[in-house]
Amino acid sequence: MTVTVQPTGINPADVRAVARGGAKVVLDPATVEAMATSRSIVDGIEAAGRPVYGVSTGFGALANTFVAPERRAELQHALIRSHAAGVGAPMPREVVRAMMLLRVRSLALGRSGVRPLVAEALVDLLNHEVTPWVPEHGSLGASGDLAPLAHCALVLLGEGWVLGPDGGRVPAAEALRRAGLAPVELAAKEGLALINGTDGMLGMLLLAIDDAAHLFTMADVTAALAIEAMLGSERPFRPELHAIRPHPGQGVSAANIHRLLQHSAVMDSHRDDLAHAVQDAYSMRCAPQVAGAARDTLDFVRTTAARELVSVVDNPVVLPDGRVESTGNFHGAPLGFAADFLAIAAAEVGAIAERRVDRLLDVTRSRDLPAFLSPDAGVNSGLMIAQYTAAGIVAENRRLAAPASVDSLPTSGMQEDHVSMGWAATKKLRTVLDNLASLLAVELLAAVRGLQLRAPLVPSPAGRAAIAALGGAVGEPGPDVFLAPLMEGARAVLAGPDLRVAIEQEVGPLG
């Protein structure tokens, strides 16, 4: 696949294709023309000798310091070196690739005043799979992701580090030489244009949106399987009950769960049983209200990310009429708020799933399933400690759901006196979603084990598909075994596409 960067930008699928699929990148000829036009304005400013921030002055608190023409290229190189000040473990390759593509997108909009060769140099890094080594700490989401983007830009200069095949650090000069690429000499404004923007946090948010969409659908799947295993009722998920509370996401989740519970001998076994519970517990009955609210939150986040994806976030910006104006568009508040909101929603999707796991394992509440889903409880502990693990992850997600975007520490001599912490918000969101995958995997494992223990009753088509998908990974109920590999196997099934595909082949598309 090839992604073409247009002068109007790119779309979320393009970001996923480059970040996760290794797609190649090309610049549309119109983007080259837009950048050349923008650059001619900067060249005119230089020739006129006018003081303009980032072109003929210093940065941040040094904005009033005039820089002589003969030192302006040096200024840009010094900016990149000084701002590449991150520490910590390297960011994942997919995040860095997303960030680089988004910086190309930003330059290609023709408002940054850089020569086309600067964007072309970033494209060369992507297409030759040269991925800068970007530390996890350094960005405040204030003037965008300054430190992470500076670590990327430093590689263009033939300096800094590149991610090796094993995740270690390789000198950038060596990596460029192996790829047949030459370092870039920056001109006025170009260093600033390479590092001023929200590309890191936007890249992480776009990848998180993709992950959350999959996990929220799988949360409906694991909820339905758990409800089926616990002999729950399908009545609370009927469409007429959700039409009277018309939150869109709730309706989608309820329809998913209702569809997944059809054609089940397990459900039929108690449908007309007068002794059956009049009402199921909240963790069962309110599953679509929680997962649906998370879906609606995700829709809000999608809208925010889509707006950012067509935004000019550089500073200063070069306008078509020749003006160069300072802006605050690099501030990451919109993305930080969105990421924190989605982290809260995802944490609750995991929390309610853990409550269903606890019910499945509790002999007093699981409706005749054996204690901890072990056929020989006592000598065997079954899935007891799997629920401990889930509870520990829920507690961590609650800590991570505390918003980063309400924090601010002033920097740069009080010039940058309010920062967004958007990088921290989007980074921890990815951790929350990774944890959610593990939580849903525990519910998947417990629900499948519960359905297996309902034999000879035949479960729903979704239940049969789940048992078949996990069969090789978890086996049949029996004596205790080394549990961690079973949990890893369940997570791999849940995180991948195959289980959803298998279920949809049986019940039709899920929302």
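Colleague: What makes Asp280 and Arg367 a salt bridge?

Modeller: This is a predicted model. The closest N and O atoms of Asp280 and Arg367 are 2.9 Å apart. The criterion asks for a Lys or Arg side-chain nitrogen within 4 Å of an Asp or Glu carboxyl oxygen, so the pair qualifies. Asp280 sits in the loop between H12 and H13, and Arg367 in the loop between helix H15 (333-361) and helix H16 (384-400), so the bridge ties together parts 87 residues apart in sequence.

Colleague: Why is Asp280 called buried?

Modeller: Its relative accessible area is 5%, and buried means under 20%. Arg367, at 22%, is partly exposed, because that class runs between 20% and 50%.

Colleague: How do you know that Glu234 and Arg271 pair, and which parts of the chain do they link?

Modeller: Their side chains meet at 3.0 Å, N to O, against a limit of 4 Å. Glu234 is in the loop between helix H9 (199-229) and helix H10 (239-243), while Arg271 is in the loop between helix H12 (265-268) and helix H13 (282-285), 37 residues away. Glu234 has 9% relative accessibility and counts as buried; Arg271 has 35% and is partly exposed.

Colleague: Why is H17 described as largely enclosed?

Modeller: Of its 32 residues, 26 are buried, so the rest of the structure largely encloses H17. Helix H17 (residues 422-453) reaches 46 Å from first to last C-alpha, close to the 46 Å expected at 1.5 Å a residue.

Conventions: Residues are numbered from 1 along each chain as its sequence is written. This is a predicted model: local features need pLDDT of at least 70, side-chain atom pairs count only at pLDDT 80 or more; totals for chains, interfaces and linings use all residues. Side-chain values use heavy atoms; hydrogens and water are left out. Helices (H or I, at least four residues) and strands (E, at least two) are DSSP runs, numbered from the N terminus. The expected span of a helix is 1.5 Å times one less than its number of residues. Buried means under 20% relative accessible area, exposed over 50%, partly exposed in between (1.4 Å probe, protein chains only).
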